[in-house]
Amino acid sequence: MKNNISALKKSQLFSGITDEQLGALVKCLGCTFKSFDKDKIIYHAGNCVREVGLVIDGRVHIVKDDAWGNSNILAGISEGEMFAEAFVCGGVDELPVSVVAAAKSEIMFFDFRRVTAACTSACAFHTALIRNMIGVIARGNIALSGKMEHITRRTTKEKLLSYLSEQSRLHNSNDFEIPFDRQGLADYLSVERSALSAEMSKLKADGVINYRKNRFVILSISDCHNGFG
């Protein structure tokens, strides 16, 4: 439990809640912990979901498949972040997406109804939990809007530069790691992997960016921010 408490403290959901309160809250919410190997499906599209998941360790992808089997990564969920909260909160009967472990992961599950219902133990920190949950859902919507900013660009180059510019801003550095491998980034930006690789190679040759695996360095800020044409 000690390791779990330490991991949970990274989550915005438990901001302002002490270790002692967090231990009580885990019991109050009836939390369960499960491990998943890489590529294991945590939730299938079409499932009726009543529990929210929170990543304790590892990483998961929210994936939407079309009728032809093409996958689009809608979001990458890192340690301390939640998934399925919007669908559970919205009372969606069938999950429209799948949730897949992008690495070996440990997930905490809890019943969302226990967050919003009056606490039988009358714990004073339950109000903080509700406030934090609202903030988490709001930030999730903001993140989705950010993705729309990238994928609505016209070309693969524009989508890539838009995404890298945002990551540079979020990391407050021109040198950063992204949470996707090459195929994952292509799926996230809704482009062909071969087209993405070609654009990355061109930008590297032109001295705009440098990269190795999932680590990127923006070398030319003006080109990166103005290269949407």
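1. Buried here means under 20% relative accessible area, exposed means over 50%, and partly exposed covers what lies in between, with a 1.4 Å probe and protein chains only. The buried residues of H6 include Leu 160, Leu 161, Tyr 163 and Leu 164, but also Glu 158, Lys 159 and Glu 166.

2. Some background is needed before going further. This is a predicted model, in which local features need pLDDT of at least 70 and side-chain atom pairs count only at pLDDT 80 or more, while totals for chains, interfaces and linings use all residues. Residues are numbered from 1 along each chain as its sequence is written, and side-chain values use heavy atoms, with hydrogens and water left out. Helices (H or I, at least four residues) and strands (E, at least two) are DSSP runs numbered from the N terminus.

3. Helix H6 covers residues 156-171 and reaches 23 Å from its first C-alpha to its last, which is close to the 22 Å expected at 1.5 Å a residue; that expected span is 1.5 Å times one less than the number of residues. Just after H6 comes Asn 172, which takes a positive phi of about 55° although it is not a glycine. Asn 172 is found in the loop between H6 and strand E9 (175-177), and Asn 172 is exposed, with a relative accessible area of 72%.

4. Asp 39 lies in the loop between strand E1 (32-36) and E2, and is exposed, with a relative accessible area of 57%.

5. Four strands form an open sheet with antiparallel pairing, in the order E2-E7-E4-E5, where two strands pair if DSSP finds at least two bridges between them. Strand E2 (41-43) and strand E5 (71-77) stand at the edges with a single partner strand each, so one side of each is left without a neighbour in the sheet. From one strand to the next the twist averages 35°.

6. Within that sheet, strand E4 (residues 60-65) pairs with E5 in the antiparallel sense over six bridges. Val 60 stands opposite Ile 77 in E5, and His 61 stands opposite Gly 76 in E5. The two strands E4 and E5 form a hairpin with five residues between them, and Gly 69 in the turn has a positive phi of about 85°.

7. Helix H7 (residues 182-189) packs against helix H8 (residues 193-205) at an angle of about 105°, with their axes 9 Å apart. That makes H7 roughly perpendicular to H8, a term that covers angles of 65 to 115 degrees. Taking contact as heavy atoms within 4.5 Å, residues of H7 including Leu 185, Ala 186 and Leu 189 meet residues of H8 including Leu 196 and Met 200. The residues of this contact divide into five nonpolar, two polar and two charged.

8. Finally, Gly 207 lies in the loop between H8 and strand E10 (209-212), and counts as partly exposed at 30% relative accessibility. Not counting residues up to four places away in sequence, Gly 207 touches Leu 219 and Ser 220. Gly 207 and Gly 184 are 23 residues apart in sequence and 24 Å apart in space, C-alpha to C-alpha.

How values were computed. Axes are lines fitted to C-alpha atoms, for helices over the stretch in contact, and angles run from 0 to 180 degrees between N-to-C directions. Angles under 35 degrees count as roughly parallel, over 145 as roughly antiparallel, 65 to 115 as roughly perpendicular and the rest as oblique. Ala, Val, Leu, Ile, Met, Phe, Trp, Tyr, Cys and Pro count as nonpolar, Asp, Glu, Lys and Arg as charged, and the others, Gly among them, as polar.
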